[in-house]
Amino acid sequence: MKITAIKSHVLAYDLPDGELGYSQQYYTRRTAHLVEVSTDEGVTGWGECFGPGGVALVNRTIVEQVIAPMLIGRDPLERSACWHQVYNLLRDHGQKGMPMQALSGVDIALWDIAGKIAGLPLHAMIGGKQRDRVGVYGYGMMLKRESTDDHVARFKDEAQVIRDAGFHATKMKVGLGLRADIRLAQAVREGVGDDFPLMVDANHCYTAGDALHVGQALDELNAFWFEEPVAPEDHDGYRFLRERLTTRIAGGEAEFTRFGWRDLLASKGLSLAQPEVCALGGISEYLKVLALCQANMVPVMNHVWGSAVAVATNIHLVAALEPMPGGLFPSEPWLEFDTTHNAFRDELLEEPLHIQKQVAAEKGTVAVLNKPGIGVDPDRDFLAHYAVESERP
Ligand code: CA
């Protein structure tokens, strides 16, 4: 069996509800970057690369101009050998960031092919499912160009909507400034009530000292986790916060490969690890990072972003996550779900995942997927309709 082609599909559309933002930027377009690997036996694998906008266009160039020439002609079942061939040659040009995002999408597609050849769903390929349904948390409450008072009112309402939609927990953005951010978190706590798990995502907008100030308010509010409080490079800042706050410190979506994760975990600053399979190096590398997290006794809550391919991949991965630590009533990992408009998640597939409908009908959970591989088939007409060639995505 041989790989015959590796093609990127970069998709984009204008968000219908206007601009959305987090602590680093506002954006008006949704982008997705899917990778399709074809073989001489007619089996096709699908993967996805993390990275919006122009990042997706650069990653497409890496996939099609750098990685594809290395792998075309190779056996797609030799996933680890393919991964190391690419990584060893890209090591001089980027051990983190876009080269690894590009490799991630290719690796995921190779796992999809392997599952289809074996006739096994991805979760069965990586050790088997630990649960039949996966709990889902809904994030929303994005920043907009509006006053703090308007943010406070909107966040409180949105938090109630997410809770009432059936999700197991919710996550909000911060990034307006210390006093405003604390007001936002207080409003969301009021919106969801005392007992509902509430997470706060700073997208690394604070210094460690400022994050401590906000984190102390989050302790008062019984927040479940405080995500990316400081820059991903600031391992000392992570440890400083973890030593001083009760709220769990979460992060890792901007870390790559077993080598980056080795150093992040060694710094002892994480209470929860959030590996991003579409960025850190794909499923092959995710499994190594997962082992490192387990060896460091740090529970994993996957970072999830992107299209139905990324979401489906993560349903398999979360289904297979071992309880950490074990027990009669272990903490369950949740699937992250973006509640804002995303046609690439909801309309991409010939058979949609219907996450929101399942969450509403099935106590905040989605069913584990049982078709071979990742088990998703993107609609070709949909891909053609949203395809981006060279204009600004
Ligand atoms: Ca985040």
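This report walks through a predicted model, starting with its domains and moving on to a calcium site and some side-chain pairs.

**Two domains**

The chain is assigned two domains: domain 1 covers 3-119 + 379-386, while domain 2 covers 124-367. Their centres, taken over C-alpha atoms, are 23 Å apart. Domain 1 puts 45 residues into the contact and domain 2 puts in 47 residues.

Together, domain 1 and domain 2 bury about 3800 Å² between them, and 64% of that area is on carbon and sulfur atoms. Polar links also cross the interface of domain 1 and domain 2, where 23 residue pairs are in polar contact. Several elements supply at least two residues each to the side of domain 1 that touches domain 2, including β1 (3-14), β4 (29-39), α2 (79-90) and α3 (98-118). Helix α3 gives the largest share of that side, with nine residues. The interface of domain 1 and domain 2 has three salt bridges as well.

**The calcium site**

Next comes the calcium ion. Its protein donors are Asp201 (OD), Glu227 (OE) and Glu253 (OE), at 2.2 to 2.4 Å from the ion. Along the chain, these donors follow the spacing D-x25-E-x25-E. Aspartate 201 sits in strand β8 (residues 198-201) and glutamate 253 in the loop between β10 (248-251) and α9 (257-266), so this pair, 52 residues apart, links distant parts of the chain.

Glutamate 227 belongs to strand β9 (residues 225-227). Its side chain makes a polar contact of 2.9 Å with the side chain of tryptophan 225. Beyond residues up to four places away in sequence, glutamate 227 touches several others, among them Tyr137, Lys171, Asn203 and Gln274.

**Salt bridges**

The structure holds 23 salt bridges.

| Pair | N to O distance |
|---|---|
| Lysine 96 and glutamate 255 | 2.8 Å |
| Aspartate 112 and lysine 116 | 3.1 Å |
| Aspartate 236 and arginine 239 | 3.2 Å |

What does the pair of lysine 96 and glutamate 255 tie together? Lysine 96 is in the loop between α2 and α3, and glutamate 255 is in the loop between β10 and α9, so the pair joins parts that are 159 residues apart in sequence. Lysine 96 is partly exposed at 46% relative accessibility, whereas glutamate 255 is buried at 5%.

Aspartate 112 and lysine 116 are both in helix α3, four residues apart, which is about one turn of the helix. Aspartate 112 is buried at 0% relative accessibility, but lysine 116 is partly exposed at 26%. Aspartate 236 and arginine 239 are three residues apart in helix α8 (residues 235-244), again about one helical turn. Arginine 239 is partly exposed, at 30% relative accessibility. Elsewhere, Glu146, Arg154 and Glu158 are linked in a network of salt bridges.

**Threonine 340**

One last stop is threonine 340, in the loop between β12 (334-338) and α12 (343-346). Threonine 340 is buried, with a relative accessible area of 12%. Its side chain and that of arginine 30 are joined by a polar contact of 3.1 Å. Leaving aside neighbours within four places in sequence, threonine 340 is in contact with Leu20, Arg30, Tyr139, Met142 and Arg345.

Technical notes
Residues are numbered from 1 along each chain as its sequence is written. This is a predicted model: local features need pLDDT of at least 70, side-chain atom pairs count only at pLDDT 80 or more; totals for chains, interfaces and linings use all residues. Side-chain values use heavy atoms; hydrogens and water are left out. Donors are N, O and S atoms within 2.8 Å of the metal (3.2 Å for Na, K and Ca); water is not among the atoms, so sites may look incomplete. Buried means under 20% relative accessible area, exposed over 50%, partly exposed in between (1.4 Å probe, protein chains only). Domain bounds come from an automatic or database domain assignment. Contact means heavy atoms within 4.5 Å. Buried area is the accessible area (1.4 Å probe) that two parts lose on being put together, summed over both. A salt bridge is a side-chain nitrogen of Lys or Arg within 4 Å of a carboxyl oxygen of Asp or Glu. A polar contact is a pair of N or O atoms within 3.5 Å; within protein, one must be able to donate a hydrogen and the other to accept it, and residues adjacent in sequence count only if both atoms are side-chain atoms.
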